[in-house]
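Biologist: Hi! Can you walk me through this one in plain words?

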Amino acid sequence: MAAGKQKWSFVVAANRLPVRRVWEGDTAQWVPSPGGLVSALRPVMSGNPDAVWAGWTGVPGPGTEPFEVDGFQCHPVGVSQGELQLFYEGFSNATLWPLFHDALVPPEYHRTWWDAYRTVNQRYAATVADLAAPGATVWIHDYHLLLVPGLLRAARPDLRIGFFLHIPFPARELYIRLPWRAEIIDGLLGADLIGLQTPLGADNFCRAVNRITGAKTTGRVIQHNGRTSQAGAFPIGIDTDRIAGLAADPAVQARAAEIHETLGSPRTVLLGVDRLDYTKGIEVRLRAFRELLAEGRLSVDDCVLVQIAEPSRSQVTGYAEVRREVEQMVGDVNGNFGVMGRPVVHYLHQSQPIEELVAMYLIADIMLVTPLRDGMNLVAKEYVASRPDNTGVLVLSEFTGAAQELRTAELINPHDIESLKTAMEAAAHRTGADTVPAMRAMRRVVRSNTAQRWAERFLARLEACE
Ligand code: F6P
């Protein structure tokens, strides 16, 4: 069934649709969008005849006809080439993204970017207002659409509106640098429920609201302009059953064995899987690895590092630079420590299907998740879900949302290279059996907070909002 002019009782809006359009020569196909949102929402969206997803196809141009793919009803929202530069690459990814990630690169503030951001947010709000049935529930996602709750509330006061921020909400001292800080807070307060990844994120948000609007906040209940909104921490999970199913799949296991052999059957495989982003700390872990090899604390005879870096936002400031730095370090480590036919770092700047990633998780003795800042980091959770024998070490940055839940990971400060090196060296010298209690505890956490439970918890709280 096509979405058509139908009205829907559940509407999701996100920058991207669950699928994006990819052209290979003359042939176009839909491939899953990057990130964890699709698997998180699949249980409440896919096959649900009352639900529609509004978003961008990944191709600049006017919105196309609604369509159905993989059980999702999709309603494309058009984003022009100019808006792509100003709204997506500009305000979303060169203003908000760095600011909300502790200003790891300096955020840029441009009025033309802000104008385009407002225009695209107005378009999303108008689209959702048109799609939503009377009294419908709407769930808006992430930093690209911070104004939509307020715009939608003004157009459709009958709706129940939830918003979830997938990235960190920064400390108030950082947030208040934003020239449009008040407009964005007003936008968010159009929602009945504002979900953040962590309790710290929820507290940061409430402090910013308090400072900017003077609104009364009791706990995380906010009274502003005659309306009540609530903020809350809802740490997102993964589709644990799907990942565990893949880890148990004989074809994936055979592929894992094949990859291990291709790598030279090393005693220890270290793995990193990230979007190629300056927040992820890829260069930090490469530097630590290089120093450990140089100091003879790890040996090329028995260690291999595999780094998957998914191409991302290559037109945005900071991304080309981190790519250069990472690739220069990979070359440096291999040039200095590799042996003929056997590089010590295997680096792929390509996105990989989930089956291939799970095959890699299966052979990774050590998983390196070392972001300088990250809202959650679902790769950490996917690794844990892929370890049915309860072995393996997760080296995890304290500055990820995941570190709040996976307390038995090897928690490190990525700014402290010595602590990272110590954790990597210790992990390489542990036997599988040593790693079991910590991994078992993490697996309990990942099994109990799945993507499905996350969505159910958020939506139940949203339905309970007065
Ligand atoms: O982490 C924030 C986020 O929007 C994710 O939801 C998504 O996985 C990722 O960034 C993808 O980024 P982009 O849409 O810019 O490719």
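Biologist: How many bridges join strand 1 to strand 4?

Modeller: Five, and strand 1 and strand 4 (residues 51-56) run parallel. Strands here are DSSP runs of E, at least two residues long, and helices are runs of H or I, at least four long, both numbered from the N terminus. Within that pairing, Phe10 sits opposite Ala51 of strand 4.

Biologist: And how should I read the model itself?

Modeller: This is a predicted model, in which local features need pLDDT of at least 70 and side-chain atom pairs count only at pLDDT 80 or more, while totals for chains, interfaces and linings use all residues. Residues are numbered from 1 along each chain as its sequence is written, and side-chain values use heavy atoms, with hydrogens and water left out.

Biologist: Back to strand 1. In which sense do strand 1 and strand 7 pair?

Modeller: In the parallel sense, over five bridges; strand 7 covers residues 132-141. By DSSP, two strands pair if they share at least two bridges. Val12 faces Trp139 of strand 7 across that pairing.

Biologist: Why is strand 1 largely enclosed by the rest of the structure?

Modeller: Because seven of its nine residues, in the stretch 8-16, are buried. Buried means under 20% relative accessible area, exposed means over 50%, and partly exposed is in between (1.4 Å probe, protein chains only).

Biologist: What about strand 17, which way do its residues point?

Modeller: Val393, Val395 and Ser397 point one way, while Leu394 and Leu396 point the other way, and all of them are buried. In a regular strand the side chains alternate between the two faces of the sheet. Five of the five residues of strand 17 (residues 393-397) are buried, so strand 17 is largely enclosed by the rest of the structure. Strand 17 also runs parallel to strand 16 (residues 366-369), with four bridges joining them, and Met367 has Leu394 as its bridge partner.

Biologist: Zooming out, how many helices and strands are there in the protein chain?

Modeller: The protein chain has 16 helices and 18 strands. Its C-alpha atoms fill a box of roughly 65 × 50 × 40 Å along the principal axes, and 56% of its 466 residues count as buried.

Biologist: What radius of gyration does the protein chain have?

Modeller: It has 22 Å, which agrees with the value near 23 Å that a compact globule of 466 residues would have. The radius is taken over C-alpha atoms, and the globule rule is 2.2 Å times the number of residues to the power 0.38.

Biologist: New topic, helix 4. Which residues of helix 4 are buried?

Modeller: In helix 4 (residues 148-155), those are Val148, Pro149, Gly150, Leu152 and Arg153. They pack against helix 3 (111-131), strand 7, strand 8 (160-164), helix 6 (181-188) and strand 12 (227-233). Contact means heavy atoms within 4.5 Å.

Biologist: Now some loops. Where does Ser33 lie?

Modeller: Ser33 lies in the loop between strand 3 (27-32) and helix 1 (37-45). Its relative accessibility is 7%, so Ser33 counts as buried. Beyond neighbours within four places in sequence, the residues touching Ser33 are Arg16, Leu17, Pro18, Val19, Arg20 and Val38.

Biologist: And Gly58, where is its place?

Modeller: Gly58 is in the loop between strand 4 and strand 5 (67-69). With 28% relative accessibility, Gly58 counts as partly exposed. Gly58 and Leu84 are 26 residues apart in sequence, and their C-alpha atoms are 9.5 Å apart in space.

Biologist: One last thing, about backbone angles. What is the phi of Asp102 near?

Modeller: Near 60°, a positive value in a residue other than glycine. Most residues other than glycine have a negative phi. Asp102 sits in the loop between helix 2 (81-100) and helix 3, and at 36% relative accessibility Asp102 counts as partly exposed.

Biologist: What about the phi of Arg313?

Modeller: Arg313 has a positive phi too, of about 45°, although it is not a glycine. Arg313 belongs to the loop between strand 14 (303-310) and helix 11 (319-337). Its relative accessibility is 16%, so Arg313 counts as buried.
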